[in-house]
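The sequence and the structure are shown first.

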Number of protein chains: 2
Amino acid sequence: MSAPIIAIDAMGGDYGPHCIVPACISFLAEYASLQLVLVGQAHLIEEHLRGLPSAERQRLHIHHASEIVTMDERPSQALRGKPDSSMRVALELVRDGKAHACVSAGNTGALMALSRYLLKTLPGIDRPAMVTAVPTQTGHCHLLDLGANVDCSAEHLYQFAVMGAVAAEALGKSNPRVALLNVGTEDIKGNQQVKLAASLLQQARGVNYIGYIEGDGLYRGLADVVVCDGFVGNILLKSSEGLAAMVAARLEELFNSSLPAKAVGLMAMPFLRRLRGDLTPSQHNGASFLGLQGIVVKSHGSAKEEGIQSALRRALLEVRENLPQRLHGRLEHLL
Amino acid sequence: MSAPIIAIDAMGGDYGPHCIVPACISFLAEYASLQLVLVGQAHLIEEHLRGLPSAERQRLHIHHASEIVTMDERPSQALRGKPDSSMRVALELVRDGKAHACVSAGNTGALMALSRYLLKTLPGIDRPAMVTAVPTQTGHCHLLDLGANVDCSAEHLYQFAVMGAVAAEALGKSNPRVALLNVGTEDIKGNQQVKLAASLLQQARGVNYIGYIEGDGLYRGLADVVVCDGFVGNILLKSSEGLAAMVAARLEELFNSSLPAKAVGLMAMPFLRRLRGDLTPSQHNGASFLGLQGIVVKSHGSAKEEGIQSALRRALLEVRENLPQRLHGRLEHLL
């Protein structure tokens, strides 16, 4: 393929261009052939590009868009009321073949609604799902859906499982173990949707379905792809983030409690910071929308430079693996 | 009230009498007027009572029951097929007024089914809920349901919220803040059940309903009572346990990685052990069944002595507060 081009919603997230533009500049330095399109209010973006060497400046394009989707806006408002939002224009660049992927740290619901409307789903997929890599004791697992779909039928869960398996494989895991998240591992456990999805997956050829997994099994690394509805996935991920923050806060408190403890803390904190980063997956890694006819990666609203770069890295990986095309090919056989 | 009597299923859990009897003996030493009834196979229980001073032996009664409900048994099998199980007989002692509470570390589904059948629910309550205290940045919150009810209507969630509020108050929290667990805090977020439950709670007098809470808000301590269906609650709690175990394992690994790190670890590990204990709530604390005409506390299947004692402590507290009676009084006004 030609040199990859990623469009980024420069106005999205809690920090906007102030954080996103520097993140893009550092990211370009890592990947020689990559081009980035910064979409948003040109004068705000340009402020952060001053003094940039021309070699890098040539790979950073500004695409003006006058409007901004706010973090608390209704998806319908973003869809109907803001034809020139940075989020929408970035997605239109993907739709029109002018970029290979879109990255945004903006309003999740709006990004999902605009993505579905502009890019459409792949044949056989009712709803796109959000997936991210969650750290486990043995590496990481791909968890989906993360909140795009709060009510899911068994068929939706089945589609998520198939998409998760194909994505995990594209991202380097051969024959990934796929599990359904449930309140127990015995056949009788769970709600109707989960039980029905299990029977669909047991019959699916080409998916390495290993059965039910519980919440602790996920972190023990018992599966490579873990499937649930968006309500459960969102709460699992956010409560994990909250717990990780609580652990970090408590440890810092302990390490500040006395002089000897401070000495311990000074030695332990670099470890702990890395750990906390690993345990805040949605901030750390990007979350990818699977099932669209195009690549869209969502960065956490509160992501700083490192988080934005992780999302860009994820998008680039999906571009190189041509993930939507791969999904399309596999889905034809599986759905 | 007369001296409290707690019946304990001595055969339940992964360790049975081997762990439960010593836990009871230590617990008795803490509470001078308490009496415990050990229910199960008498010869196995007696083995662990040898050499016990007679003052304590007099407060420890054995009630023989010949059968055992296994951990993977179907609730229906425990209900219909085992009339003389230690779990059932312990509950019958509560039903017949011979004990004030029942504690079991056995099969959760079977314990719930037997509790409902033998003790019945309070008027106005369709289904009992499982609740436990989860540590937060500011103290702890009461989370329910934890897995007893995988599918819940808005009315069920509403009943859980009312019961959780009354229980939190009985356990010492005045005017507890009650929140519904959701995928966002805005009104438009969530599934139909959660939205409907919210409108029921907004109209409820005498419940301090503060709105939706997200997974991270729970650990940040934004509410005293957090309500969700049993599918979500079970997965939240078990994934938290798994994450806590992962953190502990990673830190131990880090502290073993070099000689200076070992020195740090020696100083940090006592802190970390306490932290891990706090973060494994269902193992650490008992989970209480709310909404029954009697007190039932479930200890984690893998709970060791300390866990069993926490469950006994919880049961004793509920006996002293006469929780079912308090619930009954409040429910008459609220439901």
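In this predicted model, A:Lys238 and B:Glu214 form a salt bridge, with their closest N and O atoms 2.3 Å apart. The rule finds two salt bridges across the interface of chain A and chain B. Six residue pairs, with both residues at pLDDT 80 or more, are in polar contact between these chains.

On chain A, the elements that each give two or more residues to the side touching chain B are strand S5 (129-136) and helices H8 (192-203), H9 (215-220), H10 (230-255) and H11 (259-278). Helix H10 of chain A gives the most, with 19 residues. By residue class, this side of chain A divides into 28 nonpolar, 12 polar and eight charged residues.

The size of an interface is often expressed as the accessible area lost when the parts come together. Here chain A and chain B bury about 4,500 Å² between them, and 76% of that area is on carbon and sulfur atoms. A:Val183, A:Phe231 and A:Leu243 supply 13% of the area that chain A buries against chain B, more than any other three residues. In terms of contacts, 48 residues of chain A meet 50 residues of chain B.

| Quantity for chain A and chain B | Value |
|---|---|
| Buried area | about 4,500 Å² |
| Residues of chain A in contact with chain B | 48 residues |
| Residues of chain B in contact with chain A | 50 residues |
| Salt bridges | two |
| Residue pairs in polar contact (both at pLDDT 80 or more) | six |

In soluble globular proteins, nonpolar side chains tend to be buried together. The largest nonpolar core has 175 residues, of which A:Leu180, A:Val227, B:Leu180 and B:Val227 touch the most other members. Residues up to four places away in sequence aside, A:Leu180 touches A:Val194, A:Ala197, A:Ala198, A:Leu201, A:Tyr209, A:Gly211, A:Tyr212, A:Ile213 and A:Val227. Another core, of 32 residues, lies apart from the largest one and includes A:Ile6, A:Met11, A:Phe27 and A:Ala315.

In chain B, the loop between helix H6 (108-119) and strand S5 (129-136) contains B:Asp126. Is B:Asp126 buried or partly exposed? With a relative accessible area of 41%, B:Asp126 is partly exposed, because this value falls between the limits of 20% and 50%. Leaving out residues up to four places away in sequence, B:Asp126 touches B:Arg116, B:Thr121, B:His156 and B:Gln159. B:Asp126 and B:His156 are 30 residues apart in sequence, and their C-alpha atoms are 7.2 Å apart in space.

Definitions and conventions:
Residues are numbered from 1 along each chain as its sequence is written. Chains are lettered from A and ligands numbered from 1 in the order in which they are written. This is a predicted model: local features need pLDDT of at least 70, side-chain atom pairs count only at pLDDT 80 or more; totals for chains, interfaces and linings use all residues. Side-chain values use heavy atoms; hydrogens and water are left out. Contact means heavy atoms within 4.5 Å. Buried area is the accessible area (1.4 Å probe) that two parts lose on being put together, summed over both. A salt bridge is a side-chain nitrogen of Lys or Arg within 4 Å of a carboxyl oxygen of Asp or Glu. A polar contact is a pair of N or O atoms within 3.5 Å; within protein, one must be able to donate a hydrogen and the other to accept it, and residues adjacent in sequence count only if both atoms are side-chain atoms. Helices (H or I, at least four residues) and strands (E, at least two) are DSSP runs, numbered from the N terminus. Ala, Val, Leu, Ile, Met, Phe, Trp, Tyr, Cys and Pro count as nonpolar, Asp, Glu, Lys and Arg as charged, and the others, Gly among them, as polar. A nonpolar core is a set of buried Ala, Val, Leu, Ile, Met, Phe, Trp, Tyr and Cys residues joined through side-chain atoms within 4.5 Å. Buried means under 20% relative accessible area, exposed over 50%, partly exposed in between (1.4 Å probe, protein chains only).
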